[in-house]
Amino acid sequence: MVSGAEIMVKCLQEEGVEIVFGYPGAVICPFFDKLYDTDIKAVLVRQEQNAAHAASGYARALSRVGVCVATSGPGALNMITGIATAYMDSIPMVAITGQVKSDQLGRDVFQEADITGACESFVKHSYLVKDTADLPRVFKEAFHIASTGRPGPVLIDVPVDVQQGEIKEFVYPEKVNIIGYKPSVSGHPMQIKRALDILSTSERPVIVAGGGVLTSGAKLVFREFVSKTSIPVISTMMGIGAMPSDDPLYVGMIGSHGVKAANKVIHDSDLIIVCGARVGDRAVASPDQVTKQTTVIHIDIDPAEIGKNMKTNIPIVGDIKNVLSQMGRDVQYAAPEEWLEQVRQWKTDLAVPPKSFEGFVEPKSFIAKLSGMLGPKSILVADVGQNQIWCANNYRLSDGRFFTSGGMGTMGYSVPAAIGAKFARPDRDVVAVCGDGSFQMMMNELATIAQNGLNVKIIVMRNTVLGMVHELQDVFYNSRYAVTELDEMPDFGKLAQAYGIDAAFASSNEEAESYAEKMLASDKSSLLVCNVHPNTPSR
Amino acid sequence: MKYTLSVLVENHPGVLSKVSGLFSRRGFNIDSLAVGITEDSNISRITIVADGDEYVIEQLEKQLNKVIPVIKVRTFAQDEFISRELSLIKVNCPAKQRLDIMKIAELMEAKIVDVSVNTMTLQFADTLERFETLMDLLKPYGIREIVRTGTVAIEKDSAASRK
């Protein structure tokens with residue numbers, strides 16, 4: 001006989017899971033107890049939301065499904081923000097929650113929450129397992145759904161009696177058969193031909209690289225296509241890293257917080273090739289304005305994204321990697337030199353020089369400097385707020401990665417996601433950059449870093465205000481700083497030291513750079529607090 | 001404009017909430033939703049009548065297709081389907097008006113399913129348009145209660161074979 005909890009663990013082993021991030025509780029104990037006997041590492045985070053963020057960082061760093069686990073009720077509820085964050089950014093994830101006994105469901109017993117109901121709009125799919133015998137099929141399907149098509153989180157809610165129930169033997173299904181789920185991966189040849197025909201007449205084309213380029217592992221194919229056609233590239237926040245930052249054809253990030261030249265390029269283009277992007281409101285504020293004068297080719301694996309935010313002339317549904325390699329094979333086109341010259345001109349003319357304040361670190365030039373100190377495949381995780389924009393626009397990378405909560409904008413993402421990324425890639429530099437606001441949303445995770453002896457570098461941009469909103473208040477609210485001032489700030493360095501983590505304070509770029517060099521040379525975690533002027537602009 | 005969508009889904013618990021939740025979540029307006037098992041007991045059909053323009057309906061179709069247990073979504077073009085709705089109508093009916101209402105029922109092909117001292121209950125299965133007509137005829141007597149199933153629709157083979 002084999003118990004439900006044993007089956008759950010065996011399913012994880014069948015899926016090649018090596019690590020889970022979680023937090024225990026009464027009704028998930030059977031599972032954790034069986035996990036205890038295996039080689040699968042269980043990392044105890046300090047709050048369930050961070051289990052999901054850590055699984056997200058892990059999943060992004062390895063392009064594999066990340067797994068997070070929590071108990072019923074409050075544990076599961078805490079995890080929702082992390083799950084929703086993963087959903088918005090299309091992160092492959094399986095979230096497992098314990099649930100009260102199935103015969104008590106719906107009676108509002110202790111720590112009961114309808115988590116499948118609550119998560120409905122934040123998951124790609126969810127299961128409430130009522131029968132131990134269903135577990136193998138459910139796990140097989142969950143991992144399949146999470147990792148194929150447009151990836152996303154799948155929730156499996158398992159009542160404690162289902163974990164304790166027993167069946168005769170464990171058989172893991174070899175295949176999944178879900179009639180309604182067959183994502184199409186190769187683009188329609190006719191649509192590709194139409195796209196190439198339109199491209200051949202374009203005078204001012206531009207490519208928008210979205211997160212889909214990285215999710216589908218299409219970075220190389222993408223770069224080949226760009227170099228073959230010389231089409232200028234702009235990226236969304238999720239698409240940062242699709243192109244090397246210093247490639248002459250790369251213009252920068254678009255959007256309200258992007259690079260001016262990138263926005264200029266998209267507005268003046270006559271053809272936009274959108275690759276794996278949602279064209280969200282922060283990327284293009286008024287898509288209707290743009291589509292008036294341009295033709296749009298939209299490549300995405302999720303048909304629902306095409307035409308949702310931006311009128312599309314030629315939709316191509318398929319995996320970016322497949323579609324771009326098909327297009328790359330057949331394309332005979334090079335962008336006109338006048339257009340490239342114009343784009344280069346804008347890049348220089350519209351650049352905004354950083355504004356520095358005496359006695360403070362200028363974060364943009366510091367992030368740019370820091371990029372040069374990092375190893376070639378480093379991972380930088382930015383939090384949310386001004387720190388995110390400073391990083392997005394100034395982190396120079398080629399083979400490195402940039403992670404952030406792009407869609408949901410969840411403060412407190414950086415350190416837990418960096419923890420996950422470090423477990424995934426222990427050989428790489430992993431740096432979390434956050435603000436003093438976001439740091440205080442997840443600084444409890446210093447304990448997870450300390451407990452696991454992890455080497456994660458943390459940079460806190462300390463400007464004593466909630467910078468992004470503060471800046472918004474300057475523009476739209478007559479500089480009335482309602483509820484955005486972080487007075488009586490704790491000494492973050494001392495806090496880190498309380499966990500045995502080295503720390504330093506910098507109030508100039510020289511100090512910041514010299515400490516960054518020191519911290520990167522060490523194989524231990526450390527924390528750098530950068531004193532940043534509250535009036536430093538986002539871009 | 002009104003659109004009729006026919007959605008085949010796996011017959012599992014929780015599927016209906018996944019589908020119906022989508023509407024409020026994405027800000028779609030629906031007029032009616034009816035669900036029932038098909039000729040295959042593993043599959044149910046949900047018939048939805050929704051209000052919106054072409055963009056809304058296209059989005060609706062695409063979002064429905066993303067729901068994992070949704071097998072197939074079809075939006076019917078005008079005239080290529082037959083639709084019916086079943087309704088039970090309880091109308092005021094003192095003895096002296098019984099004949100009048102019986103005549104209306106006969107005329108409209110509604111079935112009388114219950115009679116009491118003061119009320120009469122009609123069963124009516126027809127198109128939305130005919131339902132409106134019946135309402136107009138019954139209103140003067142005072143309608144006490146209406147229960148409607150929502151529209152169900154099926155493709156017209158006769159229209160398809162003429163093409």
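Reader: Which side chain of chain B meets A:E120 in a salt bridge?

Author: Happy to start there, with the reminder that this is a predicted model. A salt bridge here needs a Lys or Arg side-chain nitrogen within 4 Å of a carboxyl oxygen of Asp or Glu. The N to O distance for this pair is 3.6 Å, and the partner of A:E120 is B:K18.

Reader: How many salt bridges are there between chain B and chain A?

Author: The pair of A:E120 and B:K18 is a salt bridge. For salt bridges between chain B and chain A, the count is two.

Reader: Which element of chain B gives the most to the side that touches chain A?

Author: Three elements of chain B each supply at least two residues to that side: α1 (15-25), α2 (54-66) and β4 (70-76). With six residues, the one that gives the most is α2(B).

Reader: How many residues on that side of chain B are charged?

Author: Chain B brings 15 residues to the contact, and chain A brings 17. On the chain B side, five are nonpolar and three are polar. The number of charged residues there is seven.

Reader: Turning to aromatic rings, is the pair of A:F439 and A:F492 stacked or edge-to-face?

Author: The ring centres lie 5.2 Å apart, and the planes make an angle of 85°. Planes over 60 degrees apart count as edge-to-face. So, with that cut-off, the pair of A:F439 and A:F492 is edge-to-face.

Reader: Why does this pair tie together parts that are apart in sequence, and how many residues apart are they?

Author: Both A:F439 and A:F492 are buried. A:F439 belongs to helix α18 (residues 436-442) of chain A, whereas A:F492 belongs to helix α21 (residues 492-498) of chain A, so the pair joins parts whose separation in sequence is 53 residues.

Reader: At the start of α13(A), which residue's backbone nitrogen does a side-chain oxygen of A:D319 reach?

Author: Helix α13 of chain A covers residues 320-330, and its buried residues include A:I320 and A:V323. Among the elements covering those buried residues are α8 (189-200) and β12 (271-275) of chain A. At the helix start, the oxygen of A:D319 comes to within 3.0 Å of the backbone nitrogen of A:K321.

How values were computed:
Residues are numbered from 1 along each chain as its sequence is written. Chains are lettered from A and ligands numbered from 1 in the order in which they are written. This is a predicted model: local features need pLDDT of at least 70, side-chain atom pairs count only at pLDDT 80 or more; totals for chains, interfaces and linings use all residues. Side-chain values use heavy atoms; hydrogens and water are left out. Contact means heavy atoms within 4.5 Å. Helices (H or I, at least four residues) and strands (E, at least two) are DSSP runs, numbered from the N terminus. Ala, Val, Leu, Ile, Met, Phe, Trp, Tyr, Cys and Pro count as nonpolar, Asp, Glu, Lys and Arg as charged, and the others, Gly among them, as polar. Rings of Phe, Tyr and Trp (its six-membered ring) pair if their centres lie within 6.5 Å; planes under 30 degrees apart count as stacked, over 60 as edge-to-face and the rest as tilted. Buried means under 20% relative accessible area, exposed over 50%, partly exposed in between (1.4 Å probe, protein chains only). A polar contact is a pair of N or O atoms within 3.5 Å; within protein, one must be able to donate a hydrogen and the other to accept it, and residues adjacent in sequence count only if both atoms are side-chain atoms.
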